[in-house]
Amino acid sequence: IKKKQMKMIQGLEQAYNIKHIKEGEDYILSFSKENSRDMIIRNDLDKQLLMFSDNVLFPPDEAQLRAAGEKLLTIVGKVIKEQLISVREIQIQGHADTDPSSVYPSNLDLAAARAIEVFKFFQEKVEIDPALCLMSATSFGEFKPVQRAAVDSTFNKKKLYEANKNSLSKAKNRRVEVLLFYHK
């Protein structure tokens, strides 16, 4: 699985002619000229997390992909498709900060619309067939900030608002994640 995960990272590096930066367990890829943290990749035992920063795919408070987002998803999708035989499931997760949306009824709706947009893009433009490889779109809205561990039974509203206390932490929480679950 580690070889398959590294193949994903190397495929993205080759497509953009860049090198990753390693920070702890994270692989950081910067595609834009601003040298930002456009994508963070985190490898786990049986899965790989591809986390897209808040502004790389979508404009603020919108679910229509930017042109640069379409280009990035085309390349990411192509690399995923090349390894599809190794992938058993693709989960696309939408996340938001705690600021209310001015366009959508809730942040849950905004994050869902974004996850569905990425799902449709992979299905229609990249031609990843969900009948062949399971693929889903999920929204966590503002309820799963990057700081929240999946098994944190002490998480509450106070911690939710602490995780969104400034513009930097909010930017980290506005994201789309693609999880690739690999065959063992």
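Predicted model: local features only at pLDDT ≥ 70, side-chain atom pairs only at ≥ 80, totals over all residues.
By the rule used here, there is one cavity of 30 Å³ or more, where a cavity is a set of points, on a 1 Å grid over the protein atoms alone, at which a 1.4 Å probe fits but cannot get out. The largest cavity has a volume of about 40 Å³, volume being the space filled by probe spheres set on points joined across faces, edges and corners. Its lining, meaning residues with an atom within 4 Å of a point, includes Phe52, Asp54, Arg114 and Val176, and divides into four nonpolar, one polar and four charged residues.

Residues are numbered from 1 along each chain as its sequence is written, and side-chain values use heavy atoms, with hydrogens and water left out.

Turning to the sheet, seven strands (DSSP E runs of at least two residues) form an open, mixed sheet in the order β1-β2-β3-β4-β7-β5-β6, two strands being paired if DSSP finds at least two bridges between them. β1 and β6 stand at the edges with a single partner strand each, so one side of each lacks a neighbour in the sheet.

Within the sheet, β5 (87-95) and β7 (175-182) pair in the antiparallel sense over eight bridges, and Glu89 stands opposite Phe181 in β7. Helix α2 (67-82), a DSSP H or I run of at least four residues, packs on the sheet and touches β3, β4, β5 and β7, contact meaning heavy atoms within 4.5 Å.

Conventions: Axes fitted to C-alpha atoms, helices over the stretch in contact; angles between N-to-C directions. 1 Å grid on protein atoms, 1.4 Å probe; cavity = no way out; pocket = protein on both sides within 12 Å on 5 of 7 lines; lining within 4 Å. Nonpolar A, V, L, I, M, F, W, Y, C, P; charged D, E, K, R; others polar.
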